[in-house]
Amino acid sequence: VQLQASGGGLVQPGGDLRLSCTASGSIFSIGAMGWYRQAPGKQPELVATATGDGMTNYAESVQGRYTISIDNAKNTVYLQIHSLEPADSAVYYCVAQISAGPRMVLSSYWGQGTQVTVSS
């Protein structure tokens, strides 16, 4: 199983960005998918999680500006970020709980990280 994240980049304050993360490989089922971020010198922060049936959770620090969604057909999780602020600058990592077979438990898989830099 592999997770491939994309969509990061350099954005001006106030701009928008959409991150994507696609799971591929031996996938039987997917539980929750989500995004962490880690800024330089700071602890990783869980920013949002979602399940395939539409349940979502957000860190208080991103409520109202971040939207997480899952395309079940594409095994892809998205993170839409609006009104970007310099404090949003971080490496964003996707994570997914995936079962590789009918009798296999869910395991956590991580993407490689995508850099988001908010600067003028």
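**Labels and the values behind them**

C21 is buried, and C94 is buried too. The model is a predicted one.

Q: What makes C21 and C94 a disulfide?
A: Their sulfur atoms lie 2.0 Å apart. The cut-off is within 2.5 Å, so the pair qualifies. A search of the whole structure finds 1 disulfide.

Q: Which hand does the link of C21 and C94 have?
A: The link is right-handed, with 55° about the S-S bond.

Q: Why is the pair of Y36 and W110 called tilted?
A: The ring centres are 5.1 Å apart, and pairing needs them within 6.5 Å, so Y36 and W110 pair. Their planes stand at 45°. Stacked needs under 30 degrees and edge-to-face needs over 60, so this pair is tilted. The structure holds 1 aromatic pair.

Q: Where do Y36 and W110 lie?
A: Y36 is in strand β4 (residues 29–38) and W110 in strand β10 (residues 107–110). The pair therefore ties together parts that are 74 residues apart in sequence.

Q: Why do Y36 and W110 count as partly exposed?
A: Y36 has 25% relative accessibility, and W110 has 47%. Buried means under 20% and exposed means over 50%, so values in between are partly exposed.

Q: How do you know that D88 and R37 form a salt bridge?
A: The N to O distance is 3.2 Å. The limit is within 4 Å, so the pair counts. D88 lies in the loop between β8 (76–81) and β9 (90–99) and R37 in strand β4, so the pair ties together parts that are 51 residues apart in sequence.

Q: Are D88 and R37 buried or exposed?
A: D88 has 1% relative accessibility, so it counts as buried. R37 has a relative accessible area of 9%, under the 20% limit, so R37 is buried.

Q: Which salt bridges does R65 form with E85 and D88?
A: R65 meets E85 at 3.7 Å, N to O. That pair links distant parts of the chain, 20 residues apart. R65 also meets D88, with the closest N and O atoms 2.8 Å apart. Here the partners are 23 residues apart. Both distances are within 4 Å, so both pairs are salt bridges.

Q: Why is R65 called buried but E85 partly exposed?
A: R65 has a relative accessible area of 14%, and E85 has 37% relative accessibility. Buried means under 20%, so R65 passes. E85 falls between 20% and 50%, so E85 is partly exposed.

Q: What makes R37, E45, R65, E85 and D88 one network?
A: Salt bridges that share partners join these residues. A search of the whole structure finds 4 salt bridges.

Q: Which residues have the most contacts inside the largest nonpolar core?
A: They are L19, W35, L79 and Y92, in a core of 28 residues. Strand β9 gives the most to this core, with 5 residues.

Q: What is L79 in contact with, leaving aside its neighbours within four places in sequence?
A: The partners include L19, W35, V47, I68 and Y92.

Notes: Residues are numbered from 1 along each chain as its sequence is written. This is a predicted model: local features need pLDDT of at least 70, side-chain atom pairs count only at pLDDT 80 or more; totals for chains, interfaces and linings use all residues. Side-chain values use heavy atoms; hydrogens and water are left out. Rings of Phe, Tyr and Trp (its six-membered ring) pair if their centres lie within 6.5 Å; planes under 30 degrees apart count as stacked, over 60 as edge-to-face and the rest as tilted. Helices (H or I, at least four residues) and strands (E, at least two) are DSSP runs, numbered from the N terminus. Buried means under 20% relative accessible area, exposed over 50%, partly exposed in between (1.4 Å probe, protein chains only). A salt bridge is a side-chain nitrogen of Lys or Arg within 4 Å of a carboxyl oxygen of Asp or Glu. A nonpolar core is a set of buried Ala, Val, Leu, Ile, Met, Phe, Trp, Tyr and Cys residues joined through side-chain atoms within 4.5 Å. Contact means heavy atoms within 4.5 Å.
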